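Hi,

Here is the structure for you to look over. My notes follow below it.

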Amino acid sequence: MRRKNDFCITTRLITALVASMVTFTVVAQAPSPRPRLVVGIMIDGLREDYLDLLKGYFGEDGFKRIMRDGVMFEDVNYGTAVDVAAATAMIYTGSSPAINGIPAAMVYDTEKRISYPIVLDPTKIGNYTDETYSPKAIKVSTLSDEVRIDGGGLGNVYSIAPSAPQSLILAGHAGNSAFWINDVTGKWATTTYYKDVPPTMQSRNYSRPLATRLDTLTWRPLMAPEKYPDLPAYKKYYPFRHLFQRNDIDRFRNYKTSAPVNTELTDIAADYLKGLRLGNGDAMDMLSIGYTLAPFAAAKDADSRIETMDSYIRLDSELARLFREIDTNVGLANAFIMIAGTPPVQNNKRDDEKWGIPDGEFSPRQAISLLNVYLMAKYGNGEWVSGYYNGQMFLNHQLIKEHDLDLKTVRAEAADFLVRMSAVSRVWTIDDILAGRAGVNADAIKRNTHVDYAGDILIEVNPGWEIVEIDPVNKKERRSTMRTGTMTAPVFLLSPDLKPQHISTETDARSIAPTVARLLRIRSPNAAEFPPLRLEKK
């Protein structure tokens with residue numbers, strides 16, 4: 001009898017021990033809570049080499065925090081040189097322009113023969129603007145969309161950025177609102193596509209409009225010029241001083257590429273966090289911000305290094321302030337932060353002639369005229385060329401069709417003519433691009449080209465040569481210097497679940513969105529081209 005009792009006691013003890021081990025295992029393997037707030041930060045023109053150069057000038061809680069505590073992808077490759085809109089779309093969709101529909105912020109209308117914003121949507125009405133925009137040009141879902149869908153609409157998604165295309169891409173199709181700065185009035189503008197107008201934006205436009213505040217704003221160096229590293233001597237004697245005065249019709253456009261605009265963005269982000277109580281609801285919220293470190297549009301010469309370095313040091317303070325606001329209102333332990341740089345745009349001002357750098361001028365208007373004369377001699381009278389925009393030549397498809405000509409043949413003949421011009425280094429037809437025959441970077445060119453917006457012929461002007469154009473709206477001459485050499489940009493992920501790590505191997509920009517989606521435990525955007533990257537967790 002005693003043996004039977006001992007056996008029963010032993011059995012109960014073993015059962016209890018096994019049950020406790022199972023319970024412990026279940027508890028130990030339980031996933032950590034998902035973040036309550038996702039913060040997506042795109043920084044136009046962010047460069048890893050500048051972060052390294054200015055490390056000693058940063059505080060502990062801005063750039064140093066993300067480099068110290070986050071996952072750093074040092075070398076994120078976008079394939080070819082893309083603007084901020086295309087780069088933002090690539091990061092947020094996990095797909096290339098050929099798929100996501102956003103090859104650039106501006107595209108060309110062959111009928112009207114003018115460029116227009118890719119987000120143009122005449123069916124919508126502007127709010128605080130006469131601009132009629134929407135995100136319909138984005139052909140796929142974005143990270144913002146997937147965050148909103150995951151919460152069944154209970155979570156909120158907001159975006160703020162200097163430019164309309166970037167802000168709309170950041171908010172996606174399902175966002176609550178997207179705001180940007182109007183180039184003419186300086187008001188924070190949006191579109192009736194989105195239903196929310198946060199009170200902070202109404203207050204700013206009526207009580208604290210940029211139009212009145214910019215009159216007294218002056219952007220000067222934070223430090224004495226000699227304290228900035230690697231500056232030539234002449235830059236140390238002539239510190240910059242930039243004004244945004246009422247009589248300057250470009251003052252809002254210039255302001256949008258200046259360091260002070262980042263302060264405005266952080267102010268609004270702080271208001272959103274407090275006033276909208278982001279990260280304090282029953283579902284995950286998302287706030288996306290478009291900061292800038294792009295070359296200042298009103299810089300006096302080709303060397304704007306001091307403005308750029310000053311912008312980095314000021315943005316470091318703004319990031320630290322933003323992180324404090326997140327910690328105060330949500331808690332950094334409850335937030336997931338992505339910071340992605342977009343490839344920096346080269347300064348397009350021409351070097352002084354005294355340096356003797358080989359140069360020249362390429363006139364698209366003259367190239368169009370010469371090509372048209374050539375095609376008329378070959379096929380008869382008519383306007384065979386519809387226009388030129390952003391390195392692309394557009395042919396008159398209707399005229400080619402009326403003459404019963406083969407479009408591919410006409411393209412090839414036009415390309416053969418253009419490549420013989422002294423200003424032109426290389427030429428490819430859209431047929432070459434789609435077939436993967438566009439030189440050593442053919443695959444990247446192909447995936448970053450969207451056939452609906454592409455010209456018939458892609459022209460590469462000689463490096464160092466100036467492209468001289470006449471603006472079709474204001475008839476002013478525009479000059480930009482051709483510079484090659486695509487640069488990559490860093491991306492950071494900051495989460496309490498991730499071990500700090502630096503990844504120095506090249507990372508495709510299209511892998512970021514699925515990686516973020518996996519870490520948030522939501523669906524990847526529906527066109528993501530890469531699987532998520534595996535990162536070490538704590």
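**Thr266 and its surroundings**

The side chain of Thr266 makes a polar contact with the side chain of Tyr291, at 2.7 Å. Bear in mind that this is a predicted model. Thr266 sits in helix α12. Its relative accessible area is 1%. The cut-off for buried is under 20%, so Thr266 counts as buried. Leaving out residues up to four places away in sequence, Thr266 touches Tyr291, Glu318, Arg321 and Leu322.

**α8 against α12**

Helix α12 spans residues 260–275 and packs with helix α8, residues 199–207. The angle is about 135 degrees, and the axes are 9 Å apart. Angles of 65 to 115 count as roughly perpendicular and those over 145 as roughly antiparallel; α8 and α12 are therefore oblique to each other. From α8, the contact uses Thr200, Met201 and Arg204. From α12, it uses Glu264, Asp267, Ile268, Asp271 and Tyr272. By class, that contact has 4 charged, 3 nonpolar and 1 polar residues.

**The cores**

The largest nonpolar core has 59 residues. Phe63, Ile160 and Ile326 have the most contacts inside it. Helix α13 (residues 305–329) gives the most to this core, with 9 residues. Another core lies apart from it, with 36 residues, among them Ile91, Leu143, Ile512 and Leu520.

What does Ile160 contact, leaving aside its neighbours within four places in sequence? Its partners include Met201, Leu265, Ile268, Ala269 and Tyr272. Also among them are Phe179, Trp188 and Ile289.

Best regards

Methods
Residues numbered from 1 in each chain as written. Predicted model: local features only at pLDDT ≥ 70, side-chain atom pairs only at ≥ 80, totals over all residues. Heavy atoms only, no water. Axes fitted to C-alpha atoms, helices over the stretch in contact; angles between N-to-C directions. Helix = DSSP H or I, 4+ residues; strand = E, 2+ residues; numbered from the N terminus. Parallel < 35°, antiparallel > 145°, perpendicular 65-115°, else oblique. Contact = heavy atoms within 4.5 Å. Nonpolar A, V, L, I, M, F, W, Y, C, P; charged D, E, K, R; others polar. Core = buried A, V, L, I, M, F, W, Y, C linked by side-chain atoms within 4.5 Å. Buried < 20%, exposed > 50% of the residue type's maximum accessible area, 1.4 Å probe, protein only. Polar contact = N/O pair within 3.5 Å; in protein donor to acceptor, adjacent residues only side chain to side chain.
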